[in-house]
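Subject: Structure handover

Hello,

Here is the structure I said I would pass on. My notes on what turned up in it follow below.

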Amino acid sequence: MSDRLRITGGAVYDPANGVDGDVRDVCVLDGRIVDALPTDAPRLDAHGMVVMPGGIDIHAHIAGSSVNHARRILSDERTADPTAAPALRDAVPRSGTGGTVPSTFTTGYRYAGLGYTTVFDAAVAPVSARDTHAQLDDTPIIDAGFFALMGNDAYLLQQVAAGERDRARDYTAWLLGATGAYAIKIVNPGGVELWKRNIRTVKSIDDTSGVPGATPRAIMETLADAAATLALPHPVHIHCNNLGLPGNVSTTLDSMRALSGRRAHFAHAQFHAYAGGNGKPWASGAKQLIAYINAHDEVSIDVGQVMLGHATTVTADGAVEYLLHASSGRRWVNVDVELETGCGIVPYEYRDAAAVAALQWVVGLELFLLSEDPWRVVLSTDHPNGGAFTSYPELIRLLMDRAYRDDRLKAVNQKLLAGSALADGLAREYTLREIAIITRAGPARQLGLANKGHLGAGADADITIYARDANIAAMFSTPRYVIKAGELVVEEGQLRRAPPSRRLYVRPPYDDAVMRDLSAWFERYATIALANYPVAPPRDAPVPVGAGA
Ligand SMILES: [Zn+2]
């Protein structure tokens, strides 16, 4: 296609630039948005349609060794959902498999087919970074990056315990650069280390039963400060202790308060927003949690909505997976990633008739519907943990269509819903502007991606065009056109092109003095030589640190 394109006549939703459904042209030149084009530029007629920036997924699991383990144990799902190769004009088309954890090429095709153009894998063991890059190389169209797991890293915990916060920061900077990662991820801080010692739960964020001195609080503080001092584009990305347990909202609030005044993103908040416990039944803790988030600008979350249906739980939080495996009887994978982290996987189904699943579904919707600042509450299902990314159109319908939502609510198990805000009746319906924020502009802002999530001059020309439909899920499941870096990848609802994607990563500076200590550590404990650890730098330039973070 031409390197110039004028999209005419569509209602444009570009909240980052204050555009709310105005009918205006969007001009594309050489893969970027520009203010104007000559009148003879090729046109794409978007009359009656909705134009938004390409979708951005801030938290999903799409590549890396954990995802491959999941693919391996889901042979029945893969057999049930074979995917034929699309009719592409610019690349060798690949067949694959779908299900809740699609194969690499199918992941790229399906995200792009939904109008998503940027995706982050939220949990990669640094030692498996090479594998992750290889998988992302085979995931076309969507620009992608990943967050490096650090919250149970043995070297880092030693530095935290010794009060060596500067060295911890230098190690963090080295690790991000060496692995080609984008941000710091903490999963169950200190808790995976405890799990390796056969202790299943962290009692509080001041639990001292792990590495002495490396409490969950100290780990979170050290890494949040490292992200801030290094001026990373995305702040520390945290999966709190006690995921999925009744009463865990108090742990989540303690974690947020511990980092009060520091920027932090809290992942899949739905899984951390339960009241009850200690002999009391499970209940929604969404009101408490969202009240704190509403009042604290430094906190952002993604929701991690549970969608009723099939899912696959994939996490570094091995202890959680043990509980899920034990309660569901489903097959599972449990991996010790030597010095760095753990990993557990259990296929799962959230059933309408299951009381806890219904509560989880309600808690996620409450977080969305009680949020006062959509810029800090990002849409996610923690794919594939709460449901596959392919369920996003259904989730958007639940947010935009109250009648539909109320009907669905009546069909689920009511046992644990007494006193929940949703059961009491929440009238809110998200607008298209708000959907554009929670799926595009908000995640771009939280990720520090200056050129994404908006349609102003200079932005990457990642654009999705939807034909309006009374059925919101139908509208969002098959965009009429998707443009990625100026190329028309979806035409008339069909995937036609699959250009290679860009890699998003950082390479922050650090004091080289850390390397002497680190090489002694590697010599003594690691199974891989330090010289063999760093990955080849991705072909794209790193995202700059220190600017606008
Ligand atoms: Zn996750």
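Strand β1, residues 4–8, runs parallel to β6, and three bridges join the two. Within this pairing, Ile-7 stands opposite Leu-44 in β6. Please keep in mind throughout that the model is predicted.

β1 and β6 belong to an open sheet of four strands, in the order β5-β4-β1-β6. The pairing in this sheet is mixed. Its edges are formed by β5 (32–34) and β6 (43–45), each of which pairs on one side only. On average, and with direction ignored, neighbouring strands here are turned by 30 degrees against each other.

Next, a pair of helices. A packed pair of this kind is described by two values, the angle between the axes and the distance between them. For helix α12 (residues 355–370) and helix α13 (residues 392–400), the axes come within 11 Å and cross at roughly 60 degrees. An angle of 65 to 115 degrees would count as roughly perpendicular and one under 35 as roughly parallel, so α12 is oblique to α13. The crossing of α12 past α13 is right-handed.

The aromatic side chains make up the rest of my notes. There are 19 aromatic pairs in the structure. One of them is formed by Phe-522 and Tyr-533, whose ring centres are 5.3 Å apart. Their planes stand at 85 degrees, and planes over 60 degrees apart count as edge-to-face, so this pair is edge-to-face. Phe-522 lies in helix α17 (residues 514–525), whereas Tyr-533 lies in the segment after α17. The pair therefore ties together parts that are 11 residues apart in sequence.

Are these two residues buried or exposed? The cut-off for buried is under 20% relative accessible area. Phe-522, at 10%, counts as buried, and Tyr-533, at 6%, is buried too.

Phe-522 and Tyr-533 are also members of one aromatic cluster, together with Tyr-155, Tyr-171, Trp-174, Trp-521 and Tyr-525.

Finally, two arginines lie over ring faces. Arg-397 sits over the face of Tyr-404, at 3.7 Å from the ring centre. Arg-445 sits over the face of Trp-375, and there the distance from the ring centre is 3.9 Å.

Regards

Methods. Residues numbered from 1 in each chain as written. Predicted model: local features only at pLDDT ≥ 70, side-chain atom pairs only at ≥ 80, totals over all residues. Heavy atoms only, no water. Phe/Tyr/Trp six-rings, centres within 6.5 Å; stacked < 30°, edge-to-face > 60°. Buried < 20%, exposed > 50% of the residue type's maximum accessible area, 1.4 Å probe, protein only. Lys NZ or Arg CZ within 6 Å of the ring centre and 35° of its normal. Pairing = 2+ DSSP bridges. Axes fitted to C-alpha atoms, helices over the stretch in contact; angles between N-to-C directions. Parallel < 35°, antiparallel > 145°, perpendicular 65-115°, else oblique. Left-handed = near helix turned anticlockwise from the far one by under 90°.
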